[in-house]
Amino acid sequence: MSAQDCLELGYVARAHGLRGEVAVRSFDPASETLGTVERVWLRLRSGEEREYALETFRPANKEDLVFFEGVASRTAAEALVGAKVFVYREDLEPPEEGEFFQGDLVGLNAVDEQGASLGTVEEVWATGEVPNLVIRAKGRPELVVPFADEFVPAVDVPAGRIVIRPPEYLEADGPPEESGDGG
């Protein structure tokens with residue numbers, strides 16, 4: 001499996017019940033993706049990777065409850081806890097023009113409108129109406145930016161680049177050319 005073949009959806013949060021059902025927590029709580037696919041790819045904590053067919057799916061409060069084919073006991077389900085859950089791109093409808101899979105944003109080089117590097121998109125938090133991009137760079141404070149046109153004027157996934165217009169409140173010191181004037 002390559003990064004181009006799959007998208008990370010979430011992780012196995014816990015075993016549920018005694019017959020092998022697991023709770024999968026998606027990075028996007030509103031995602032219905034797991035209910036539309038027939039198979040997933042799991043990367044276990046040990047690094048081992050396996051494909052599983054989904055036998056059943058049911059949405060729950062903050063996670064989805066699924067039975068994977070061949071996982072028939074609580075012990076087998078507990079062995080999957082912490083595994084990353086991936087879905088195959090070929091099993092998904094492609095995003096519309098101007099839309100993106102959240103997983104495609106992770107790893108993009110974030111730059112400001114002048115092209116200066118701000119870091120790398122390390123995570124996408126889906127905690128409100130719009131996802132938030134978490135951008136990190138060594139020696140800099142973490143930058144959290146709403147994924148909205150006002151703050152993200154351009155995304156170029158094939159080039160591995162995203163243009164960020166950080167919110168004003170995150171630029172307390174202002175850009176270098178504005179400092180010292182005061183007025």
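**A walk through the model**

Let's begin with Ser-31, which has a relative accessible area of 17% and is therefore buried. Buried means under 20% relative accessible area, exposed means over 50%, and partly exposed is in between, using a 1.4 Å probe and protein chains only. Keep in mind that this is a predicted model, in which local features need pLDDT of at least 70 and side-chain atom pairs count only at pLDDT 80 or more, while totals for chains, interfaces and linings use all residues. Residues are numbered from 1 along each chain as its sequence is written, and side-chain values use heavy atoms, with hydrogens and water left out.

Where is Ser-31 found? Look at the loop between β2 (21–26) and β3 (39–43). Strands (E, at least two residues) are DSSP runs, numbered from the N terminus. The side chain of Ser-31 is joined to that of Thr-33 by a polar contact of 3.1 Å. A polar contact is a pair of N or O atoms within 3.5 Å; within protein, one must be able to donate a hydrogen and the other to accept it, and residues adjacent in sequence count only if both atoms are side-chain atoms.

Now turn to the largest nonpolar core, which has 22 residues. A nonpolar core is a set of buried Ala, Val, Leu, Ile, Met, Phe, Trp, Tyr and Cys residues joined through side-chain atoms within 4.5 Å. Among the residues with the most contacts inside this core are Val-12, Val-40 and Phe-68. The largest share of this core, four residues, comes from β1. Apart from this core lies another, of 14 residues, including Ala-110, Leu-133, Val-145 and Ile-162.

Next, find Pro-146 in strand β10 (residues 143–146). Why does Pro-146 count as buried? Because its relative accessibility is 16%. Leaving aside neighbours within four places in sequence, Pro-146 is in contact (heavy atoms within 4.5 Å) with residues including Val-130, Phe-151 and Pro-167.

Our last stop is Arg-165, in the segment after β12 (161–163). Arg-165 counts as partly exposed because its relative accessibility is 34%. Follow the chain from Arg-165 to Glu-113 and you find them 52 residues apart in sequence, yet their C-alpha atoms are 6.6 Å apart in space.
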